[in-house]
Amino acid sequence: MTSGTSSGMKQTGQKNLMFFSGRAYPELAEEVASHLGVRTTPTALRDFANGEIYARYLESVRGCDAFVMQSHTGPINKWIMEQLIMVDALKRASAKRITVIMPFFGYARQDKKGRGREPITARLMADMFKTAGADRLMSIDLHTSQIQGFFDGPVDHLFAMPVLVNYLRDKLDLETTTIVSPDTGRVRLSERWADTLGTPLAFIHKRRDLDVANQVTVNEVVGKVRGRTCVLIDDMIDTAGTICKAADALYEQGATNVLVAATHAVFSDPAVDRLKNSRVSEVIVTNTLPLAEDKRFDKLTVLSIAPLIARAITEVFSDGSVTSLFEGDS
């Protein structure tokens, strides 16, 4: 692979990688670009007076292998729409292949109908990006793996676990550590963690109030936690209600220390206050979503996901194996 245009790289006579970023989280995009050894393709993005979004690429994208990244942070609907418009512009400008990178997949929690007359917005998202012109999707720690089947094309489901595990392995005494799933829905993910670290697994049985969003009732802890350090694993922290109640339940059952490890720091209010005032000793997240200064606190550790995204892009571009990044677990 040799250097190509000012904002991409080429395989001689064959491919031209171009990397694009929306306005939601340019800092992460710049970090990914630096790991790739390219720069973000210059793009004109602006809002009209009525809130509509305009996009135009300032370099030719004809025949390129396009990777367009946007973090679905607040205001989430605006940034999703911007990414859709960017994909449409690439398609109409004759990009050869378009890979949509969404480190955090917006609307992923509504992946099935729990009750009648509800939408399945995760499927709607996949359909919209396919219609816009996406050939491939790339995301990190989807809320459920079934979302991969909603998109009619390749989906690269990346895992943040190696990044988080490498950090925690040096901090923990694995002989006295238990991996804990905060609910039954995260048991498969927690099993993966426990197998990797060689620790016991526990989980918390909980019930939600279906009529009130973000309301959780913790019922019981199942597994060995007394006298042990517990690491609560989740794909995202939104309002932190689940995590904080789970931590309280673990301490009530005799845990000596509780840490939290999650991929996506959504941190909707009042998450930060809850975590600050909780008995959790450390909250470890990745930077899939931007965190303003007022969302940061002493117990928070943020790890960079950029090297993982860059490696996945390189594998896709060179027709390599994304699965190999996770030792066969993809």
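Q: Which residues does Asp 183 touch, not counting residues up to four places away in sequence?

A: Contact means heavy atoms within 4.5 Å. By that rule, Asp 183 touches Ile 204 and Lys 206, with residues up to four places away in sequence not counted. Before going on: this is a predicted model, in which local features need pLDDT of at least 70, side-chain atom pairs count only at pLDDT 80 or more, and totals for chains, interfaces and linings use all residues. Residues are numbered from 1 along each chain as its sequence is written, and side-chain values use heavy atoms, with hydrogens and water left out.

Q: Where is Asp 183 found?

A: Helices (H or I, at least four residues) and strands (E, at least two) are DSSP runs, numbered from the N terminus. Asp 183 is in the loop between strand E10 (177–181) and helix H5 (187–197).

Q: Why does Asp 183 count as buried?

A: Buried means under 20% relative accessible area, exposed over 50%, and partly exposed in between (1.4 Å probe, protein chains only). Asp 183 has 12% relative accessibility, so the residue counts as buried.

Q: Which residues does the UniProt annotation "binding site" (unreviewed entry) cover together with Asp 183?

A: UniProt positions are given in the numbering used here, feature names are shortened, and annotations may be inferred rather than shown by experiment. The "binding site" annotation, from an unreviewed UniProt entry, covers His 143 and Asp 183.

Q: What is the setting of His 143?

A: His 143 sits in the loop between strand E8 (136–140) and strand E9 (155–158). Its relative accessibility is 17%, so His 143 counts as buried. Leaving out residues up to four places away in sequence, His 143 touches Ala 108, Arg 109, Asp 111, Arg 186, Asp 235 and Met 236.

Q: Which residues does UniProt list for "binding site" (unreviewed entry) besides that pair?

A: UniProt also lists Arg 208, Asp 234, Asp 238, Thr 239, Ala 240, Gly 241 and Thr 242 under "binding site" (unreviewed entry). Of these, Asp 234 belongs to strand E13 (residues 229–237), and Thr 242 to helix H6 (residues 241–252). Asp 234 is buried at a relative accessible area of 8%, and Thr 242 counts as buried at 13% relative accessibility.

Q: Which residues is Asp 234 in contact with, leaving aside its neighbours within four places in sequence?

A: With those neighbours set aside, the contacts of Asp 234 are Pro 182, Arg 186, Leu 189, Ile 243, Ala 261, Ala 262 and Thr 263.
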